[in-house]
Amino acid sequence: MPKIVSKRIVKERAFATDEKAGALFDKVAGFAGYGFNKSHSCEYTLISYQSMWLRTNYPVEFYAAALTLMDEDKLPAIVRDATQAGIEISMPDINNSSSRFEIVTDTRICIPFQRIKGISEKSADAILAARVAGRFANKADFLARVEKRRCNSAQQDKLDRVGAFAAIEPGQLPANDPTRIKDQIEL
């Protein structure tokens, strides 16, 4: 009587030898190494080329976008790179900052309000909503127009300590004054 063999047993016998298994593995490993690298390397090359073109031709826009999109741990390297490219990264300014890194001039980017420890998105939105009516003339104008519940005195103090009011408040130290560095690092 003929013996009936299942398809599974036939497959197992076909790959039973070490030589066949090794040959199959070599084929899969060879293609996997080549296929993955080539497809990804083409895409990475294209992205790198486009990024470098933007960085060369539109540096302030490139760095503003990169600083806005990147994670917190990558920011110091990008700030160093921007500084070496001649772009100044300035502290938050009550009339220029927003919820992202803002381009102020062709060589200056302003840090967003939310990068200050303790300034929430709601606080930044309250400042921006008050600024719709026009730029703030001084700190008193700021206090009169911004909703106090959303931007309280503690948050106003933090803005003051980093120099956000320096450009509009007579007699204040400039935002880049060396005596402000400790507060700017802390906040």
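**Surface and core of a predicted model**

Tyr49 lies in helix α2, which spans residues 18-57. The model is a predicted one, and Tyr49 belongs to a nonpolar patch on its surface. Inside the chain, the largest nonpolar core comprises 18 residues, and a second, separate core comprises 14.

**Confidence**
- The mean pLDDT of the protein chain is 85, and 88% of the residues score at least 70.
- Among the elements of the chain, helix α3 (residues 59-69) has the highest mean pLDDT, at 94.
- The lowest mean, 54, belongs to helix α1 (residues 7-14).

**Surface patch**
- Tyr49, Trp53, Leu54 and Tyr58 make up the nonpolar patch and together present about 460 Å² of accessible area.
- Tyr49 counts as exposed because its relative accessible area is 56%, where the cut-off for exposed is over 50%.

**Largest nonpolar core**
- Within this core of 18 residues, those with the most contacts are Ile94, Phe113, Ile127, Phe136, Phe142, Val146 and Leu159.
- Two or more residues of this core come from each of α5 (121-131) and α7 (153-162).
- Helix α5 supplies the largest share, with four residues.
- Phe142 is in contact with Ile94, Ile127, Phe136, Cys151, Gln156, Leu159 and Phe165, when neighbours within four places in sequence are set aside.

**Second core**
- The separate core of 14 residues includes Val60, Phe62, Tyr63 and Ala64.

Methods. Residues numbered from 1 in each chain as written. Predicted model: local features only at pLDDT ≥ 70, side-chain atom pairs only at ≥ 80, totals over all residues. Heavy atoms only, no water. pLDDT = per-residue confidence, 0-100. Patch = residues over 30% accessible without salt bridge, like charges linked within 9 Å, V, L, I, M, F, W, Y side chains within 5 Å. Areas by Shrake-Rupley, 256 points an atom, 1.4 Å probe, with all protein chains shown as cover. Salt bridge = Lys/Arg side-chain N within 4 Å of Asp/Glu carboxyl O. Buried < 20%, exposed > 50% of the residue type's maximum accessible area, 1.4 Å probe, protein only. Core = buried A, V, L, I, M, F, W, Y, C linked by side-chain atoms within 4.5 Å. Contact = heavy atoms within 4.5 Å.
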